[in-house]
Amino acid sequence: MEKSYQIIAINPGSTSTKVAVFDNDQKRCSVNVQHPVEELKKFPEIVDQLDYRKKTILEALKANKVDLRATDAFSGRCTGLLPMPGGVYEVNELMYKHGSIGVGSKHPGNLGPMIAMDFAKEFGGRSFVVNPSSVDEFGIKARVTGFAEVIRTSRGHPLNQKEVSIRYAQSLGKKYEDINVVVAHMGGGISVSAHQKGKMIDTADSTRGEGRMAPTRTGALPAASLVEICFSGKYTEKELLNKIMKTGGWTDLLGTADALEVEARIKAGDKYAKLIYETTAYQIAKDIGAYAAVLSGKVDGILLTGGLAYSEYLVGMITEMVSFIAPVKTYPGEFEMEGLANGALRALRGEVELNYYTGEPVFKGFDELKNR
């Protein structure tokens, strides 16, 4: 009889922490623990929220009658670390330390590995992180730009993208390491990535102004025009960065990031909303085509995931443009909790080789090539 493992997935967000309890890969219960903004304001730094978040999580699990001491693994969402290959990592002291500092970025997800390790020490079991946000598996050509001071880095949604890729591979009777797919994660931010034989080798991410526009992000802009705006005196540096990364795209053009609202406006006859919505689909399809080229056209599937994948309208437009490349499969919503649990399950079963976080750079620059 198959051994049953109790796994608790923990996903700290800006004003809440998602917690889910799994028996192997089956979700038993889940709760979204809310953290009022006024409460969070009491903590000067994100790391200062650690004890508060742990307390609220434990209260929620107790209310759901979860026996913490029966837990085989705690699996935490992980942000804020230095670049690393994808996979499953057992939380170590360096990862804990770097999470507390936020060496890569400062986000509540920095607390994920810290909470997982603290709970494992207190209640038993092991602590893992799975495909952290800092996954970087770029090929060297993916890093080069025409501006010597700018090197492309991997930013996207590796946890969800890799989880849906694994699921798609299983549907083909294969492993993730056996297939090539292009994955578009479509939410408030949109990332499109090429996955080759188990590695996310290139990504167009709109966080810092690449690829297509998104509900809250501008996507790529003509560089010279942006430079002119920078020196126009109209915006401060902070205002421009916010527009590119937080208040651009639909938010800037339509005043909303809500796809349901945009579709309602289109149905009511709003032609400009229709143009922006259809342009987003057009730009996503262009990115998918580009990343199919990265894979030399050897594409086993095109996967559409994230909240916008619920939109038949958007998915239909993208599918019409890219289905000649490969079959299109939708995975609406996000599978972050499932990804955290399934990665931990594979580790507990010994099905994957665990990675070890060292903090060492995965890319050391071009100097070695330049000096030859």
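The area buried between domain 1 and domain 2 is about 980 Å². Carbon and sulfur atoms give 58% of that. Buried area here is the accessible area, with a 1.4 Å probe, that two parts lose on being put together, summed over both. In domain 1, Asn131, Glu137 and Glu336 lose the most area to domain 2, together 54% of what that side buries.

A word on the source. This is a predicted model, where local features need pLDDT of at least 70, side-chain atom pairs count only at pLDDT 80 or more, and totals for chains, interfaces and linings use all residues. Residues are numbered from 1 along each chain as its sequence is written, and side-chain values use heavy atoms, with hydrogens and water left out.

Now the domains. Domain 1 is 1-137 + 336-371, and domain 2 is 158-333. These bounds come from an automatic or database domain assignment. The C-alpha centres of the two lie 26 Å apart.

Back to the interface. How many residues of domain 1 are in contact with domain 2? It is 13, against 11 residues of domain 2, with contact meaning heavy atoms within 4.5 Å.

The rule finds 1 salt bridge across this interface. That term needs a side-chain nitrogen of Lys or Arg within 4 Å of a carboxyl oxygen of Asp or Glu. The side chains of Glu137 and Lys162 meet in a salt bridge, at 3.0 Å, N to O. Helix H12, residues 336-348, gives the most to the side of domain 1 that touches domain 2: 6 residues.

Overall, the protein has 13 helices and 11 strands. Helices (H or I, at least four residues) and strands (E, at least two) are DSSP runs, numbered from the N terminus. The C-alpha trace spans about 55 × 55 × 50 Å along its principal axes.
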